[in-house]
Amino acid sequence: MTNFMIKTIFSTFMILLSVNSFSHHAFTAEFDANAPVNLTGKVLKVEWINPHAWVHMEVEEEGKKTTWMVEGGTPNTLIRNGITKQSIKPGTVIVVRGYQSKGKLCLPRCIANGRDVTFPDGRKVFMGSSGTGAPRDGADPRERR
Amino acid sequence: MKRLIVVSFLLLFSLLSLQSFASEDHSDMHDVMAHLLTPASEKIWNASGFIITEEGELSLAPTNQEEWNEVIFGAKVIMESTFILNRPDRSQGRSDWIRFSELLEQIGKKAFEAAENKDPEELFEVGADLYQACVACHNVYMKK
């Protein structure tokens, strides 16, 4: 019974957290600095929109496919860093390091804040925004100055 | 039955706790941001850019005057918000606050011109400037 109650309360809590909308926010408002992710998968869709570009990717783990929606910096920042429409086309297999959202139910998809992306040629590029309160994890070249 | 009552009680307690935890900040500045600047910014952000899938590229640029008018509305609100933010009780004479606020007038003006000229590329650029201005100010003044 105890397990049942804990599960019930935990599920309720997580559902309510997950329905918080993703608006224009500080990192800490939406993402969990203690939940780093390392995602490898095929790009499905890229939204080149302000204030954040979003990369949708399909990640396959143990035979199960999951769609992840990864938040990047502004499109202009990405382009300045060398991430372009040509380099991140749908179908490209990329590796993204970042942090998962505080809501982890992955309904209808998982959400993460992207810190850097590695392309098939091995090029690793910062894909986030500076000054949003994300952890100082070495991904942002500006933090090293 | 007893089990159901206990679980119901705990669920209710959990919901009430969460409601309290997640309750919105209704401070003066929060409400200005939430009800004025954010919706106005979204008029600009949502009207430029593109979505790329395997099927092709979809532009988000306005396609008719009515949609451009929405951008013009947002741009004007951003421009005029400078004066709302610079109300003496809000600015409290803080020079960087005033500087950040005045930046919004310039950015709003650029967005207005981009909309008047129906220039989605320029609007896209201005949208990025707007976000950078928001972040710069939030880094100083927004409660973490």
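Sorted by class, the residues lining the second largest pocket are 3 nonpolar, 6 polar and 4 charged. The model is predicted. The pocket draws on both chains: α3 (75-81) of chain A and α6 (120-141) of chain B each give at least two residues to its lining.

Second largest pocket
- The space in the second largest pocket comes to about 210 Å³.
- Its lining has 13 residues, and those nearest the centre are Thr77(A), Asn81(A), Phe126(A), Ser130(A) and Arg142(A).
- With 3 residues, α3(A) supplies the largest share of the lining.

Nonpolar cores
- The largest nonpolar core is made of 27 residues, and Ile44(B), Val71(B), Ile78(B), Leu85(B), Leu123(B) and Leu130(B) have the most contacts inside it.
- Two or more residues of this core come from each of α2 (28-45), α3 (65-85), α5 (95-116) and α6 of chain B.
- Beyond its neighbours within four places in sequence, Leu130(B) contacts Ser41(B), Ile44(B), Trp45(B), Ile78(B), Leu104(B) and Ile107(B).
- A second, separate core has 25 residues, including Val46(A), Ala53(A), Trp68(A) and Phe124(B).

Chain A
- The secondary structure of chain A consists of 3 helices and 6 strands, in the sequence order α-α-β-β-β-α-β-β-β.
- Chain A has 145 residues, of which 50% are buried.
- Among contacts in chain A with a separation of 6 or more, 57% join residues 24 or more positions apart.

Definitions and conventions:
Residues are numbered from 1 along each chain as its sequence is written. Chains are lettered from A and ligands numbered from 1 in the order in which they are written. This is a predicted model: local features need pLDDT of at least 70, side-chain atom pairs count only at pLDDT 80 or more; totals for chains, interfaces and linings use all residues. Side-chain values use heavy atoms; hydrogens and water are left out. On a 1 Å grid over the protein atoms alone, a cavity is a set of points where a 1.4 Å probe fits but cannot get out, and a pocket is an open set with protein on both sides within 12 Å along at least five of seven lines; lining residues have an atom within 4 Å of a point. Grid points are joined across faces, edges and corners, and a volume is the space filled by probe spheres set on the points. Helices (H or I, at least four residues) and strands (E, at least two) are DSSP runs, numbered from the N terminus. Ala, Val, Leu, Ile, Met, Phe, Trp, Tyr, Cys and Pro count as nonpolar, Asp, Glu, Lys and Arg as charged, and the others, Gly among them, as polar. A nonpolar core is a set of buried Ala, Val, Leu, Ile, Met, Phe, Trp, Tyr and Cys residues joined through side-chain atoms within 4.5 Å. Buried means under 20% relative accessible area, exposed over 50%, partly exposed in between (1.4 Å probe, protein chains only). Contact means heavy atoms within 4.5 Å.
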